[in-house]
Amino acid sequence: QMQLGESGGGLVQAGGSLKLSCAASGRTFSSVAVGWFRQVPGREREFVAGINWNGQNTYYADYAEGRFTMSRDNAKSTMYLQMNSLKPEDTAVYYCAADRRAFRAVVPISLLDFASWGQGTQVTVSS
């Protein structure tokens, strides 16, 4: 099992930027795809972005495409989510997660694909 911990959340005005980080420990980070999800009260947790194990492939939710960039540094066992042009509707708790399978060929996007989760970090975008 992998332990994950997010940081970098906070309060930002609409149009601003934030960069989230997620540090991993335990299971081999470099062998698994990782992803970011978000959740607001009363709604299901939704996929934001994912990156495969070697960082060569990324996939974004439609609302994140062009505004958010996900990356990873396997040497530091850390993943990142750069969020630009933030909107009030981006307000949510953001979670990082690690794939339950190693060396998956495609970027996983389903909640069920992920076995390890961080505790979440709050992102609030004011209008």
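This is a predicted model: local features need pLDDT of at least 70, side-chain atom pairs count only at pLDDT 80 or more; totals for chains, interfaces and linings use all residues.
How many bridges join β1 to β3, and in which sense do the two strands run? This is the point taken up in the second legend below.

View 1. Residues are numbered from 1 along each chain as its sequence is written, and side-chain values use heavy atoms, with hydrogens and water left out. The protein chain holds zero helices and eleven strands, where helices (H or I, at least four residues) and strands (E, at least two) are DSSP runs numbered from the N terminus. Its radius of gyration is 13 Å, close to the 14 Å that the globule rule gives for 127 residues, so the chain is as compact as a globular protein of that length; the radius is taken over C-alpha atoms, and the rule is 2.2 Å times the number of residues to the power 0.38. Along the principal axes, the C-alpha atoms fill a box of roughly 40 × 25 × 25 Å. Buried residues make up 45% of the 127 residues, where buried means under 20% relative accessible area, exposed means over 50%, and partly exposed lies in between (1.4 Å probe, protein chains only). The accessible surface of the protein chain comes to about 6200 Å², of which 48% belongs to carbon and sulfur atoms; such areas come from the Shrake-Rupley method with a 1.4 Å probe, and for residues only the protein chains shown count as cover. Of the contacts with a separation of 6 or more, 59% are between residues 24 or more positions apart, a contact being heavy atoms within 4.5 Å.

**View 2. The open sheet of four strands.** The strands of this sheet stand in the order β1-β3-β8-β7, with antiparallel pairing, and two strands are said to pair if DSSP finds at least two bridges between them. β1 runs antiparallel to β3, and six bridges join them; within this pair, M2 has G26 in β3 as its bridge partner. Six bridges also join β3 to β8, again antiparallel, and here L18 is partnered by M83 in β8.

**View 3. Strand β9 and its partners.** Strand β4 (residues 32-39) and strand β9 (residues 92-102) run antiparallel and are joined by seven bridges, with A102 in β9 as the bridge partner of V32. β9 also pairs with strand β11 (residues 121-126) in the antiparallel sense over three bridges, and Y94 stands opposite T121 in β11. Strand β10 (residues 114-117) is likewise antiparallel to β9 and joined to it by three bridges, with D99 standing opposite F114.

**View 4. The disulfide between C22 and C96.** The structure holds one disulfide, a term used for a pair of cysteine sulfur atoms within 2.5 Å. It is formed by C22 and C96, whose sulfur atoms are 2.0 Å apart. The pair links distant parts of the chain, with C22 in strand β3 (residues 18-26) and C96 in strand β9, 74 residues apart. The link of C22 and C96 is right-handed, with 55 degrees about the S-S bond. C22 counts as buried because its relative accessibility is 0%, and C96 counts as buried at 0% relative accessibility.

**View 5. Q119 in a loop.** Q119 is found in the loop between β10 and β11, and this residue is exposed because its relative accessible area is 53%. Not counting residues up to four places away in sequence, Q119 touches L4, G5, E6 and Y95. Q119 and L18 are 101 residues apart along the chain, and their C-alpha atoms are separated by 18 Å.
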